[in-house]
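This report is for a reader who is meeting the structure for the first time.

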Amino acid sequence: MKRFWLVAGCVGTFMAAAVITALAAPRDVGVAVDKVVQLVFAVAALIAYARAGNRWMTAAMGSLTIGLSAWIWGQQILGVQLPTSTIAPLGFTMVPVLCLAAVVARAQAARRADDLLPNYRSRTVVVLDGLIVIGSLFVLTWVSALESLTRPWATQGPGFITVVAHPAAYLVLLVAIVVMSWTHQSVRQWSMVFVALAGIAQSSSGWVFAFYISKGITAIPAAADIGFMLCPAFFLLSALAPTRDAPPMPGRMRMADMLHLLVPYLPLAITGLFVLWNTATGGRLNPVEIYVGLAVVGLVIVRQLLTMMDNVRLMDQLRLSREQLRHEASHDPLTGVANRSLFRERLDRALAVHDRETPLILLFIDVDGFKGINDTHGHAEGDIVLRNVAARLEHSVRPQDTVARLGGDEFGVLVDGGDAEEIGERLLKALSHPHEVHGRVHVVNASIGVAQRFSHDPTVTADDVLGAADAAMYTAKRLGKGMVVVHGSPLPEMT
């Protein structure tokens, strides 16, 4: 970065000397110095961009070089004060068009990773914002000055391109850079800053040039060419400027988002006030101003519709994201069934029912033989078996019942209503079927302990019911595994 600023200082010093020489020397010498400096820096920028592999900017600098060469040939060799051949004006005007293509390509090649809008929608909004600003500026400048500039001269052909379209195209480029910098980090770079400075310099001298032409002056003062001289130098610096991929700062992004909301409408509001003042003081709007103004209003309406559609889409994405986060917080990530926290919550809610008509059944399930699978074939294969166990438990109960993984190879099932032993035997049968994983068959059993509540008792907590089911499960294990034990049955229990 220090090396670049050293080069920029040298370029700035040279340009200051060139500008002073062009202003102080006799007119013929000053014009020659002016054009030669422009051509040298244009060729240097062309070479720099070609070496960097930037095709759009290389084409833009090639167009600038051709335009300058044609203008210098006509002015210095043929002696024409204002060459109006097609080549020079077309070359000058194609520069901002090709630069605009380069800016868009750069912005779309490095879109923000967190951009939730589709690529086409992002481009559409950027284009609409640019058109709104451009249309508003056009109406404002047309009402204030542009119409009077174009009436005396340059209303068609190469003259119009040189005087009006050329500096106006640079304004379009500037607007596009500003608009895209709101949402694209890749545009907020020093290279784009120098492209914008080149556009400001060229457009400024272009409008000064148009003013002199409108007054019938063909011998343009050297001071009016200062922007033209600086433009190729800025383009060269843009080619040499380093690219920095700095992460966006949250505060700056919030400001950028605010600008993104307000800026497209500020020029429209200012233009509307200006037109209102103009008509209130006796001015009349011509068809150009009316049609362009209506077109801008239409673009604003379209942008608002797109913004509303995007807001609805983003709200749906936010809702889905919240639901996904809520699901992840309450469900086991391996098996997808409820986790211990959600199981406790639903158990507490079920125990709080006062007028219970059906028994509340809690089944505590321990998978027998699972440790051997993990030790012999690895955790990945064991995880598949656990997922199979969870799926079989879910398929064996009703949708309103709760299946949860309580930890490791332990599962819980909460059922409201039914016969406890019948449900336990059904789950035991479902889990006894072999599991085929990667061509290997694994047979696991389960020890199931059951606890029941037939009525509401405020002194009984979720821990009491879980403890009772856990004790019954250990009884099943002690009695030989692969069986169901209901808490409170005549079988002895380990507590």
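A residue counts as buried when its relative accessible area is under 20%, as exposed when it is over 50%, and as partly exposed in between. The model shown here is predicted.

Thr58 has a relative accessible area of 18%, so Thr58 is buried. Thr58 sits in helix α3, which covers residues 55–77. Apart from neighbours within four places in sequence, the contacts of Thr58 are Leu46, Tyr49 and Ala50.

Gln202 belongs to helix α7. Its relative accessible area is 5%, and Gln202 is therefore buried. With neighbours within four places in sequence left aside, Gln202 touches His166, Tyr170, Gly227, Phe228 and Cys231.

Met1 is found in the segment before α1, a helix that spans 2–24. Because its relative accessibility is 47%, Met1 counts as partly exposed.

| Residue | Relative accessible area | Class |
|---|---|---|
| Thr58 | 18% | buried |
| Gln202 | 5% | buried |
| Met1 | 47% | partly exposed |

**A surface patch**

Met1 also takes part in a nonpolar patch on the surface, together with Trp5, Trp190, Val193, Leu197 and Ile200. The accessible area of these residues together is about 520 Å². Which helix gives the largest share of the nonpolar patch? That helix is α7, residues 190–214, with 4 residues in the patch. Helix α7 is also where the buried Gln202 is placed.

**A helix pair**

Helix α14 covers residues 379–396 and helix α15 covers residues 420–432. Their axes come within 9 Å of each other and cross at roughly 140 degrees. The crossing of α14 past α15 is right-handed. On the α14 side, the residues that meet α15 are Val389, Arg392, Leu393 and Ser396. Their counterparts in α15 are Arg426, Leu427, Ala430 and Leu431.

**The whole protein**

The protein has 495 residues, and 44% of them are buried. Thr58 and Gln202 are among the buried residues. The secondary structure consists of 16 helices and 7 strands. Of the contacts between residues at least 6 apart in sequence, 73% join residues at least 24 apart.

Definitions and conventions: Residues numbered from 1 in each chain as written. Predicted model: local features only at pLDDT ≥ 70, side-chain atom pairs only at ≥ 80, totals over all residues. Heavy atoms only, no water. Patch = residues over 30% accessible without salt bridge, like charges linked within 9 Å, V, L, I, M, F, W, Y side chains within 5 Å. Areas by Shrake-Rupley, 256 points an atom, 1.4 Å probe, with all protein chains shown as cover. Salt bridge = Lys/Arg side-chain N within 4 Å of Asp/Glu carboxyl O. Helix = DSSP H or I, 4+ residues; strand = E, 2+ residues; numbered from the N terminus. Buried < 20%, exposed > 50% of the residue type's maximum accessible area, 1.4 Å probe, protein only. Axes fitted to C-alpha atoms, helices over the stretch in contact; angles between N-to-C directions. Left-handed = near helix turned anticlockwise from the far one by under 90°. Contact = heavy atoms within 4.5 Å.
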